[in-house]
Amino acid sequence: MDIRSVFSSKGDKLIYILIVFVLISGVYFYVEGRVNPVNDIVKREMDLPVLLVIYDKSGPLIISYYMQNTHTKRGAFFDIPANTAATIRSLKRIDRIDTVFNTRSPGEFVQQVSQLMGLEQAPFYIFIDIQNLAFLVDLIRGVEIFITSPIVRVQDEEMLSIPSGSVLLDGAKASEYLMLSEDHENNTRWLDRRQRFVTALIRRMVAQVGILSHPKVIEQLHRRVTTDMNEDSLLTFFKALSLLDTENMGYQRLVGSVRLVESVPLLFPNYEGQLLQETVRQTLATLASTENAGIAFLPSKIEIQNGTPRNGLGSRTAQIFTSMGYDVVSVRNAAEVSAYTVVIDLSGNLEAAQKIAEIIRTNRVYSLALANEEDLNVAVDVRIILGNDFDGRYVQQIN
């Protein structure tokens with residue numbers, strides 16, 4: 001027998017074995033990704049987006065876009081008011097974004113939200129009605145919410161009584177708290193209540209992931225919600241959620257102006273939605289950053305000084321930073337007119353000041369060394385002094 005032919009035959013067999021192995025592996029991972037796409041995202045340490053909607057018979061009560069970086073384990077929520085203005089293609093008009101909300105056919109609504117956020121990757125979605133929300137809250141043994149003042153209301157011939165302070169709400173009380181409508185309550189207070197509820201719900205879900213991960217619980221929940229996740233994907237999502245750094249969880253709000261369109265009040269996002277999409281991009285970058293992971297999400301307290309003769313510039317600039325989740329604690333006129341816009345770090349966190357400067361595109365960022373003793377006693381992290389080079393959105397080059 002020719003020895004070369006033997007080796008050739010063995011070599012061919014080895015190649016065939018390798019080809020078959022690669023094909024089987026490829027089919028396995030393809031099927032695995034199709035069956036459990038959430039697991040595929042977690043394995044690749046990609047961004048995990050989930051659109052969470054809590055609704056009743058009248059429509060969405062909460063529309064919250066959740067983003068989690070599965071590598072850094074950091075997450076953030078974007079609150080989207082139901083009356084946000086959107087161009088509804090199927091209706092060929094501008095209307096409320098919740099106009100196309102439909103649990104039986106959620107595709108158009110999910111697409112509208114993705115377009116609003118400026119994201120190409122379609123999120124997973126979980127829609128839960130108010131009755132099944134009560135079931136979820138009872139399942140995780142209540143949600144703990146801080147109530148600033150006692151609530152005593154008679155609604156639908158039933159009394160709702162919730163004391164002030166840190167209160168553990170059961171499912172029924174949580175649903176009533178969320179649906180509570182007060183005549184004197186302004187939009188800001190309603191937004192605050194919504195934010196407190198969502199953050200409290202997620203923190204409790206993280207704490208009780210052992211319950212949520214039980215196979216029978218997953219089966220029950222999957223029947224009670226509308227979602228594009230199968231049971232395996234829902235389980236993987238809960239496990240990914242359990243790793244969330246809840247102390248550094250971000251919460252952003254869509255900010256805009258309300259205008260009447262055919263007698264319907266619609267919330268139009270500032271700067272035609274460009275500001276929201278820029279905020280989304282910055283949030284994703286912040287979540288992905290492994291630096292300063294222990295620092296709270298967007299902690300900076302900002303003071304804005306208007307160093308130009310243009311009235312109202314400081315207040316309009318404050319809206320930009322507020323919409324991005326920053327806390328603008330002071331807006332006032334500068335002591336003198338300034339040609340250039342500067343950002344001053346007063347807390348020793350120069351990186352945070354640089355991120356703030358990037359929002360308005362200025363490279364004039366200075367540290368604590370320039371601050372005087374009076375500045376150091378002010379409860380402000382970053383001071384922005386607007387100059388004549390600022391056009392209301394960005395700093396422009398002055399020749």
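Colleague: Which residues are exposed on the other side of helix 8?

Modeller: This is a predicted model, in which local features need pLDDT of at least 70 and side-chain atom pairs count only at pLDDT 80 or more, while totals for chains, interfaces and linings use all residues. Residues are numbered from 1 along each chain as its sequence is written, and side-chain values use heavy atoms, with hydrogens and water left out. A residue is called buried under 20% relative accessible area, exposed over 50% and partly exposed in between, for a 1.4 Å probe and protein chains only. Val217, Ile218 and Leu221 are the buried residues of helix 8 (residues 215-224), and exposed on the other side are Pro215, Lys216 and Arg223.

Colleague: How wide an arc do the buried residues of helix 8 cover around the axis?

Modeller: The buried residues named for helix 8 are Val217, Ile218 and Leu221. They lie on the same side of helix 8 because the arc they cover, taken from the directions from the helix axis to the C-beta atoms, is only 100°.

Colleague: Which helices are included in what covers the buried residues of helix 8?

Modeller: Helices (H or I, at least four residues) and strands (E, at least two) are DSSP runs, numbered from the N terminus. Contact, the term used for covering and packing, means heavy atoms within 4.5 Å. What covers the buried residues of helix 8 includes helix 4 (130-139), helix 7 (209-212) and helix 9 (231-242).

Colleague: Why do helix 4 and helix 5 count as oblique to each other?

Modeller: Two packed helices are described by the angle between their axes and the distance between the axes. Axes are lines fitted to C-alpha atoms, for helices over the stretch in contact, and angles run from 0 to 180 degrees between N-to-C directions; for helix 4 and helix 5 (residues 171-179) the angle is about 135°, with the axes 7 Å apart. Angles under 35 degrees count as roughly parallel, over 145 as roughly antiparallel, 65 to 115 as roughly perpendicular and the rest as oblique. Helix 4 and helix 5 are therefore oblique.

Colleague: Which residues of helix 5 are met by residues in helix 4?

Modeller: On the helix 4 side, the residues are Ile130, Leu133, Ala134, Val137 and Asp138. Their partners in helix 5 are Gly171, Ala172, Ala174, Ser175, Leu178 and Met179.

Colleague: How many residues apart are glutamate 278 and arginine 393?

Modeller: Their side chains meet in a salt bridge of 2.7 Å, N to O, where the term stands for a side-chain nitrogen of Lys or Arg within 4 Å of a carboxyl oxygen of Asp or Glu. The pair links distant parts of the chain, with glutamate 278 in helix 10 (residues 274-288) and arginine 393 in the segment after strand 19 (382-386), and the separation is 115 residues.

Colleague: By about how many helical turns are glutamate 351 and lysine 355 separated?

Modeller: The side chains of glutamate 351 and lysine 355 meet in a salt bridge at 4.0 Å, N to O, and while glutamate 351 is partly exposed at 23% relative accessible area, lysine 355 is partly exposed at 26%. An α-helix has 3.6 residues a turn, so residues three or four places apart point the same way. Because these two are four residues apart in helix 12 (residues 350-360), their separation is about one helical turn.

Colleague: Which residues is threonine 84 in contact with, leaving aside its neighbours within four places in sequence?

Modeller: Threonine 84 has its place in the loop between strand 3 (74-79) and strand 4 (85-88), and its relative accessible area of 0% means that it is buried. One of its partners, Arg96, is itself joined by a salt bridge of 2.9 Å, N to O, to aspartate 98. With those neighbours left aside, the residues in contact with threonine 84 are Asp95, Arg96, Ile97, Leu116, Leu254, Leu267 and Pro269.

Colleague: What percentage of the residues in the protein chain is buried?

Modeller: The secondary structure of the chain comes to 13 helices and 19 strands. Of the 399 residues in the protein chain, the buried share is 48%.
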